[in-house]
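I opened this model to look up a few places one by one. My notes follow in the order I made them.

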Amino acid sequence: MGKVFNKSSRKNIFETLGRYLSLVSVTFLGAGVFAGLLAIAPEMRETANNYFDKYNLMDVRLQSPLGFTESDVDKIKNIDGVSVVQEGNCIDSIGEVDNEKYTMRIHGYSNKKNKLNTLEVIEGRLPKKRDETVIVIPPDGLENITIEKTVHLDSKDLEGAIHNSKLKVVGIVKSPMYPHNKQANTSKGSGSIDFVLFTPQKNFISEIKSEIFVKFKSTNKLNSFSDEYEEKVNKEVRKLKSFSKPQAKGRFIEVKEEVQEAQKRLSLKRNDVEREFNEIQNQLSQTSDDLKIQNNLLVTQDATLQKNRSSMSIEEYNQKIFELDSMKDRIEKAEIEYDQKNSKFEEGRAKTTSELRKAQETIDKEEKDLREIKSPQWFFETRSQNQGYAIYKGDAQSMAGMASIFPIIFFLVAALVSLTTMTRMIDDERILIGTFKSLGYSDKKIAWRYLSYSISATLGGSVLGVFLGFKVLPKIVWDAYSHQYSVPDPSLRFHWLFAFLSIVTMLLITTVVTYLTIRKNLKDTTSELLLQKSPPSGKRIFLEKLTFIWGKLSFSQKVTQRNIFLDKKRMTMTIIGVVGSTALLVTGFSLRSSANHFPEQQYQQIMKYDLVGSLKEGKTDSSDFWDFLDDKKNVSEYLLLREESIEIQSDSSNKERHFINLVTLDNSKKINQFIDLKNKKSKIDFSQNSVVLTNNIARILDVNTGDKIKVKLLDSADFLEMRITGISENLELNYLYISSKLYTEKFDQKLSLNTAFIKIPDKVNSGTVKKKTGNIKAFSNVELSDEKMEELKENLKSIDMVVIIMIVLASLLAIVVLYNVTNINIEERKREIATIKVLGFYNQETNAYVFRETIGLSVMGTIIGLFLGIFLFLQVIQSIETEFYVFDKSLSFAPFIYAATCVLFYTIFVNFMMMPKIKRINMLESLKSNE
């Protein structure tokens, strides 16, 4: 009997293959989505962590405005817990390659000594000579820079810093310090580093190092994205900070004394030089006077000779002439020698004066820098504060956020599908269950028949879903994001923990649902089970109480309404499944719509200029620059300003570092013509005392209008306080807007304009105007808003893949649910369908009779799902926002129309799929099924 029972159980799978496959499908989706989404963030983190470990990325980078001495380095090495210490130099400058200017960062590199932040050579070799360099290739490419090209750095800016400012590119590399397109911020040029160079450390002149990289012993085997890693690093950094304060103060005193000593030496040298110059000047003056006397004597003697010529013999006269000519030659030679000495003296004095002036300017600058350092300190940049690392970590966190949202919908639908499927199956086999009981089979044995059915379907679907989820979803998401990173492709590992969680969760859902359903039936006696289950008693539905509506419905419409509302399980499953699918579709289409409108909103509605030009320092006085700006044929309006990167903190105890762009306006009255400063309520009036912060960084810092913030220029040492007067909407990057008056007051320095916002007349081609700027020396770089829009669109392509994933998953969910509910509906009502066929219903009428219920449930689920989609969209869009961009959260009608159309299409598609099944119903067998 046991063999027959087991054979019957196996045969049952093939006899109810539609039901079985619906369970397989829904568990496949649930487990696959859950496992795949859970794996994305760990895959990203593990891949990056392995890459950082392979090239030994530092744990913390130390910087000091006064530099580090060998004593500082030695003391850091002796701190308990420090594993590796690597010192070097770093400087930012403007570089030119093939007449194209870029903002560059130059690091010192030693092939033998570099143990941290090692470079991965992509092409060429590492630099060996002073005039050689390698360039870090960003994910978006090197533009016109190739091996053998020469980088011309600003020699004036780097005077006294490096030996060679002309560097030949000998290699292309990747660096773990720069894993993202956004390399770093700087006070030079555009405010953002375009390219990073590594040149031999011996190319730097100063023995004082500007940066130190440190690796700790306690972090060696930790994942750098883990909380434990963060705790260990923060603990070790606190040690360094407590040690750093006296060191920084000591260095400050040392430099101050060096500057004072240098000033004394310079003063003494100036006095010595002036005294020496005076002595030489006196000697030259005496020589000049002597020459004048000799010239006068020569003239007098010549006059006397001419006067007495008549009384002199020819021999005497010739002798006197010869003596005068000799005297004249001596004087001329003396004058030539005097002129040479005087010229050499003037050149030497000019050169020495220039050297003294430069030396004084250097000392003055050092004194000014020292005055700005109110509290000497070192600056610490951990991995989490590295810009590229922070962006990568934020993207991984966004993916983790999505993994906590979507699976809930799939698990809920899986539970309802399992409940409906197994309930219907057990009800259909009620008499068979009674037969098994009458034959002596135990309740456990009978229960196992149905538990094994659901478990095998769940295991098959879950295991397949997990395998595909691990391979497909992380790969798709990484392909969408990889164009932004230099990190290698993920290995797509099998995550046993996530697989276990996914499979066990699905098993629990289906097993518990099946067990509860079969247990309820097994409580009945054998005699009760051998009788057909009584149909549920007819009840009036709520709509019947609304007589003004009910009375106007046709008979078939009334039957449809009763069938919909009387079967609560099927109704709930269908509605929740369709609600989930619709909500996902609304979210996907809305996300795509928001991403599509992002560039236009940022560079047409918020930033309203057509062209932005970077200006060379000291070149804006040229006539061609002002002629260009005043030419109304090319420029309708312009605004000059200063844009630079700054560091910002909130006034609270949170000292997390953030870098944003400071925009200082030369003419604050014209700001709203170029930048739309507004919040959700109204426009922001910008005045001389305004401090306007953009919304995303305000959210991150948790500050609002009236709160205080701390800001610091990148080349400054101390933070200054400002009070926010307004918070403006912005989508890409973060900005702080202030006036030139406030800039001068707060930073105690003259405003140097470095940027021009330009609006071009409507009928003028922007590309033509850009070409004209190429002939104007004041412009170092010019970029069109249209070019920025295109670049932004390219970067946002990663959103497309997220949208496609959501739409595909939502579509599969809708089809599985609709197929399952329609299949169950047909199975349950075979006798009813056979009856109406016998009564003469045509195929089309029979189909409409059955499918009206599915369509009605789909409509109800779609309506609810459209509203739920709004909340899901807001949740998802918040989870994928980063420090550098936010999305517009406003919604249009289009995503709702697209979502509703898709659900309608899937409903019709499933109905067409099920039409042959209705047509194949054998009327006689169905009518005999209860006999």
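**A serine and its contacts**

I began with Ser244, which touches Trp378 and Phe380 when residues up to four places away in sequence are not counted. I looked up where Ser244 sits and found it in helix α4, residues 227–307. I noted that the model is a predicted one. Is Ser244 buried or exposed? Its relative accessible area is 4%, and buried means under 20%, so I wrote Ser244 down as buried.

**A leucine in a strand**

Next I went to Leu611, which has its place in strand β12, residues 611–615. I checked its accessibility and read 0%, so Leu611 counts as buried. Which residues is Leu611 in contact with, leaving aside its neighbours within four places in sequence? I listed Ala756, Phe757, Ile758, Ile760, Val769, Lys770, Val782, Glu783, Leu784 and Ser785. I then took one of these, Leu784, and looked up its C-alpha separation from Leu611. The two C-alpha atoms are separated by 4.4 Å, while the residues are 173 apart along the chain.

**Two helices**

I turned to helix α8, residues 430–438, and helix α9, residues 443–481. They pack at an angle of about 145°, and their axes are 10 Å apart. I recorded the crossing of α8 and α9 as right-handed. Which residues meet there? From α8 I noted Leu432, Ile433, Phe436 and Lys437. From α9 I noted Asp443, Ile446, Arg449 and Tyr450. I sorted the residues of this contact into 5 nonpolar and 3 charged, with no polar ones.

**Two positive phi values**

I stayed with α9 and moved to the loop between α9 and α10 (496–522), where Leu492 has its place. Phi of Leu492 is near 55°, a positive value in a residue other than glycine. I looked up the relative accessible area of Leu492 and found 14%, so this residue is buried.

My last stop was Asn99, in the loop between β3 (90–97) and β4 (100–109). What is the phi of Asn99? I read a value near 70°, which is positive, in a residue other than glycine.

Ser244 in α4 and Leu611 in β12 went into my list as buried, at 4% and 0%.

Key. Residues are numbered from 1 along each chain as its sequence is written. This is a predicted model: local features need pLDDT of at least 70, side-chain atom pairs count only at pLDDT 80 or more; totals for chains, interfaces and linings use all residues. Side-chain values use heavy atoms; hydrogens and water are left out. Helices (H or I, at least four residues) and strands (E, at least two) are DSSP runs, numbered from the N terminus. Buried means under 20% relative accessible area, exposed over 50%, partly exposed in between (1.4 Å probe, protein chains only). Contact means heavy atoms within 4.5 Å. Axes are lines fitted to C-alpha atoms, for helices over the stretch in contact, and angles run from 0 to 180 degrees between N-to-C directions. A crossing is left-handed if the near helix is turned anticlockwise from the far one by less than a right angle, and right-handed if clockwise. Ala, Val, Leu, Ile, Met, Phe, Trp, Tyr, Cys and Pro count as nonpolar, Asp, Glu, Lys and Arg as charged, and the others, Gly among them, as polar.
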